[in-house]
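Here is a friendly walk through one protein model, with an eye on its charged pairs and its surface. Have the structure open and follow along.

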Amino acid sequence: MIELNMTFFAQIINFVILVVLLRAVAYKPVVNMLKAREDRIKESLDKADADAAEADKLLADYKKKLAAANIKAEDIIRNAEKRASEEREAARAETKREIEQMKKAAEAEIQRDRERAVAQLRGEVVALSMAAAGKIISKNIDKAENEQLITDFVDKLDKDKIGDLPC
């Protein structure tokens, strides 16, 4: 059985003193150290959560900015295509205008050439008429009658056409 003697009580007193000393010297610093570590870990987790929320916010902002940039890029492309189409149409219109000017200039040049040819032909016809009239008419006509005959002949040619050319 258990004997209750002084040794037993001394051991209990020693144990209690040891527990009190250990509690004062070792337990409280260890508990304080564990509490500080727990606080640091909790603070790190809170900071990580805040950083994750900030990262999500930044990601959402970047996505919005990217979407806005894409829309702006599409607008720029659309405007560039529209401007290119307008410039192409303007170039076509300018080319058509230049072609029309060239046609008008060519027609005017043809008309001038035709008028020169008609004038030259008239001169030749007048010369031939004079020669023919001189041979046909053997009588002597004065200069006024001669000019009148030539003018009548040329007027008749103008009405009928000279060759295939309209006068």
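The side chains of D39 and K35 meet in a salt bridge, with 3.8 Å from N to O. Please keep in mind that this is a predicted model. Why can these two side chains reach each other along the helix? D39 and K35 are 4 residues apart in helix α1, so about one helical turn separates them. As background, side chains of opposite charge can pair when their charged atoms come close. D39 has a relative accessible area of 38% and is therefore partly exposed. K35 is partly exposed as well, with a relative accessible area of 45%.

E109 forms a salt bridge with R112, and the closest N and O atoms are 2.6 Å apart. The two residues E109 and R112 lie 3 residues apart in helix α1, which means that about one helical turn separates them. E109 counts as partly exposed because its relative accessibility is 35%, a value between the 20% and 50% cut-offs. R112 is partly exposed too, at a relative accessible area of 41%. E109 also meets R116 in a salt bridge, at 3.6 Å from N to O. R116 is partly exposed, with 47% relative accessibility. Salt bridges that share partners join E109, R112, D113 and R116 into one network.

| Salt bridge | N to O distance |
|---|---|
| D39 and K35 | 3.8 Å |
| E109 and R112 | 2.6 Å |
| R116 and E109 | 3.6 Å |

How many salt bridges does the structure hold? The total is 9, and the pairs in the table are among them.

Now for the nonpolar side of the surface. Which residues form a nonpolar patch there? The patch is made of L4, M6, F8, F9, I12, F15, V16, V19 and V20, and together these residues have about 880 Å² of accessible area. One of them, F15, sits in helix α1, which covers residues 6–136. Is F15 buried or exposed? F15 has 54% relative accessibility and so counts as exposed, the cut-off being over 50%.

Finally, let us step back to the whole chain. The protein chain has 2 helices and 0 strands. Of its 167 residues, 4% are buried. The chain exposes about 14,900 Å², and carbon and sulfur atoms supply 61% of that area.

Definitions and conventions. Residues numbered from 1 in each chain as written. Predicted model: local features only at pLDDT ≥ 70, side-chain atom pairs only at ≥ 80, totals over all residues. Heavy atoms only, no water. Patch = residues over 30% accessible without salt bridge, like charges linked within 9 Å, V, L, I, M, F, W, Y side chains within 5 Å. Areas by Shrake-Rupley, 256 points an atom, 1.4 Å probe, with all protein chains shown as cover. Salt bridge = Lys/Arg side-chain N within 4 Å of Asp/Glu carboxyl O. Buried < 20%, exposed > 50% of the residue type's maximum accessible area, 1.4 Å probe, protein only.
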